[in-house]
Structures are given as C-alpha cells and as structure tokens.
Amino acid sequence: MKLKKRIALCALMLALVAVLSFTLVACNGSLEQQIRDLQDKVNGFEQDFAEKSITVYIGEKEFAVTTRKSFLHDVLKDLKAGGKISAYAYSGGELSPFFTRIDDLEQDTANYKYYTVWHTVDEFSLKSVYAGFMPGRGEKLTEGEGEYATVFVATSYKQRTMFYSNVGVGLLPVVDGAAYAVLVD
C-alpha cells in the first residue's frame with residue numbers, strides 16, 4: 001500500500017512539474033516578446049524601417065541622406081562605409097557607442113572642446129534639459145509657461161533650431177525630415 005501511495009505521489013509530482021514547466025515556458029515566450037517590443041520602442045519612437053529623408057551635418061559639411069535605418073549611429077556608419085566621411089570610430093556597444101573620431105572634425109580637449117550631438121526632433125525625452133551645463137554654442141530655450149515651463153539647451157544652426165541631444169547616437173531615432181548635427185563645442 002505504501003508503494004502505491006509513493007507511485008501515485010510521484011506521478012502527481014511529475015504531472016505538477018510538467019504543468020509548471022509548460023506554464024513557465026509559455027510565460028517566458030510572452031516575456032521575451034514583451035522585451036523585444038520594448039526594445040523596438042526607444043523614447044516613444046518605434047523602430048521604423050520606412051524610408052526617411054534627413055539632413056546630417058558634421059561640422060560644416062552637409063549630407064542629404066535617404067535611409068531606412070532607425071538610429072543615427074547606423075546612418076553615421078553608412079556614411080563612413082559609403083566613403084562620404086573619412087572616419088567614424090567609436091567605443092562601447094551598439095546601443096551605447098561613444099564616438100572617438102568622426103570625419104575630419106577635431107576635438108580640442110586641451111581647450112575643453114568636445115563632440116556634441118544636436119537634432120531637430122521636438123520630443124521632450126530626446127532634448128537635454130538645462131541643468132547648469134551649457135555647451136559653447138548652446139542657449140536656453142524655454143517651453144511652456146509659469147511653473148510648467150521647461151528650459152532646454154538649444155542652438156540655432158544652419159537656420160534651424162536644434163536641441164542638444166539627451167541621448168547618444170545609438171538611441172537617437174532617425175525621424176523623417178529631421179536634421180542632425182555633430183559639432184565641436
């Protein structure tokens with residue numbers, strides 16, 4: 001009798017383990033999909049492979065670009081691969097690249113002049129809020145009124161209002177009609 005109870009208990013345990021395993025696998029697949037969906041959305045923008053026309057400034061050079069890329073980092077890599085710029089070197093991963101060399105644009109670290117990234121995408125999460133640091137060409141741009149006003153870091157470049165980027169080139173989405181600038185400030 002004890003043997004029958006043990007066999008029944010073992011069978012019940014195996015059935016429970018099988019059900020739990022199936023449940024975890026089903027949830028895990030759903031969780032993985034949710035993570036992929038979130039990765040496709042960065043700062044409110046879904047990864048978009050539609051054709052987009054943008055303008056990219058690297059210093060004084062201007063490039064009219066038509067692309068299906070989703071992030072500025074990929075556009076810069078394409079400019080280098082296509083021979084339009086002479087250099088694009090970076091450290092870090094694909095999501096957090098920190099460029100160390102771009103075309104013939106020279107940083108002047110002895111005089112505290114470094115690469116800066118600017119864009120015309122008017123999205124709160126992509127614009128740098130003024131918090132005491134101001135790049136050389138930056139100026140305060142106040143949006144809103146009263147206690148709800150926000151002060152962003154902006155500049156006027158090539159007759160466009162451009163915002164100091166709150167994100168790096170690996171997360172800066174390519175938006176149709178937008179302009180992007182890599183400058184030294």
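Before you click, note that the model is predicted: local features need pLDDT of at least 70, side-chain atom pairs count only at pLDDT 80 or more, and totals for chains, interfaces and linings use all residues. Residues are numbered from 1 along each chain as its sequence is written, and side-chain values use heavy atoms, without hydrogens and water.

Start with the whole sheet: it is open, with seven strands in the order S4-S3-S11-S7-S10-S9-S8 and mixed pairing. Strand S4 (61–67) and strand S8 (139–143) are the edges; each has a single partner strand, so one side of each has no neighbour in the sheet. From one strand to the next, the twist averages 35 degrees. Strands here are DSSP runs of E, at least two residues, and helices are runs of H or I, at least four, numbered from the N terminus; two strands pair if DSSP finds at least two bridges between them.

Next, select S8 and strand S9 (residues 150–157), which run antiparallel and are joined by five bridges. Look for lysine 140, whose bridge partner in S9 is valine 153, and leucine 141, whose partner there is phenylalanine 152. The two strands form a hairpin with six residues between them, and glycine 144 in the turn has a positive phi of about 90 degrees.

Stay on S9: six of its eight residues are buried (under 20% relative accessible area, 1.4 Å probe, protein chains only).

Alanine 154 stands opposite phenylalanine 163 in S10. Two residues separate S9 and S10 in their hairpin, where lysine 158 in the turn has a positive phi of about 55 degrees.

Definitions and conventions:
Axes fitted to C-alpha atoms, helices over the stretch in contact; angles between N-to-C directions. Buried < 20%, exposed > 50% of the residue type's maximum accessible area, 1.4 Å probe, protein only.
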